[in-house]
Amino acid sequence: GGEEGEEAAMPARGAECFKSPDGRARLVNELMELHSFLSLRQLELDSTEYVAVDTSGDMPPLCQSLTTSKLSSLVASCQAAIALINSPLTQQLIMLRSSSRFLSRLTTSLEQRIQTSEKLMSNIEGCVKRRTELDASIGETQPKVQALIATTKSVKKSAEEVMTQQLLGRKVNIIGDINTILNA
């Protein structure tokens, strides 16, 4: 848009155009228009057919002196600028600057996340403490369990011997879950 009305409406400084949605929209439109112009100019320079219809005499000297590599660089710069303006991070920063409600919601959200992280850290500390206590408890009960297993094996062997004697020498083996426990 090279119309005089549009130029008068454009803010004087680049940073000011981000203060209003209209200014941001005009900036994006201007960048897209520049991108299109540069891409078309690059296509024209690369085209073998364009040589016959050369209208570069109508262009300013700066545009006439641009090479294909310089045009490629400018096109990439335009694309990067457009991508940066339209990026979610830039949109968030604009919202932070222009909307007190957005800032308030973001502040509340961050405070809730901090509280949640503090609770989780407390829970982690509690779990570590409980695990240490359980490890100590297991360490204390392990000798008792081993003694109980030894006693149970002895009682089982004695019971098998007594039943073998009662059945006149016929060998008796106790089977079932007790063997699973004793062999563990």
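Tutor: A residue is called buried under 20% relative accessible area, exposed over 50%, and partly exposed in between, with a 1.4 Å probe and protein chains only. By that rule, 18% of the 184 residues of the protein count as buried. This is a predicted model, in which local features need pLDDT of at least 70 and side-chain atom pairs count only at pLDDT 80 or more, while totals for chains, interfaces and linings use all residues. Residues are numbered from 1 along each chain as its sequence is written, and side-chain values use heavy atoms, with hydrogens and water left out.

Student: What makes up the protein in terms of helices and strands?

Tutor: Helices (H or I, at least four residues) and strands (E, at least two) are DSSP runs, numbered from the N terminus. The protein has 7 helices and 0 strands, and the order from the N terminus on is α-α-α-α-α-α-α.

Student: Which residues of α2 are buried?

Tutor: They are G23, R24, L27, V28, L31, H35, L38, R41, Q42 and E44.

Student: Why is Q42 called buried?

Tutor: The relative accessible area of Q42 is 16%, and the limit for buried is under 20%, so Q42 is buried. Q42 lies in helix α2. Leaving aside neighbours within four places in sequence, Q42 is in contact (heavy atoms within 4.5 Å) with T68, L71, S72 and V75.

Student: What makes a set of residues the largest nonpolar core here?

Tutor: A nonpolar core is a set of buried Ala, Val, Leu, Ile, Met, Phe, Trp, Tyr and Cys residues joined through side-chain atoms within 4.5 Å. The largest such set has 6 residues: C17, L27, V28, L31, I82 and I85. Helices α2 (21-46) and α4 (68-86) each supply at least two residues of this core, and the largest share, 3 residues, comes from α2. A second, separate core has 5 residues, including L38, L66, L71 and C78. In soluble globular proteins, nonpolar side chains tend to be buried together.

Student: With which residues is V28 in contact, leaving aside its neighbours within four places in sequence?

Tutor: V28 is in contact with I85 and N86.

Student: Why are E160 and K156 said to meet in a salt bridge?

Tutor: A salt bridge is a side-chain nitrogen of Lys or Arg within 4 Å of a carboxyl oxygen of Asp or Glu. For E160 and K156 the N to O distance is 3.6 Å, so the pair meets that limit. The structure holds 1 salt bridge. Side chains of opposite charge can pair when their charged atoms come close. Because E160 and K156 are 4 residues apart in helix α6, about one helical turn separates them.

Student: How do you know whether E160 and K156 are buried or exposed?

Tutor: E160 has a relative accessible area of 14% and K156 has 17% relative accessibility. Both values are under 20%, so E160 and K156 count as buried. Leaving aside neighbours within four places in sequence, K156 is in contact with I174, N179 and L182.

Student: What makes L168 worth a remark, and why is L168 called buried or exposed?

Tutor: Phi of L168 is near 60 degrees, a positive value in a residue other than glycine. Most residues other than glycine have a negative phi. L168 is found in the loop between α6 and α7 (177-183). The relative accessible area of L168 is 79%, which is over 50%, so L168 is exposed.
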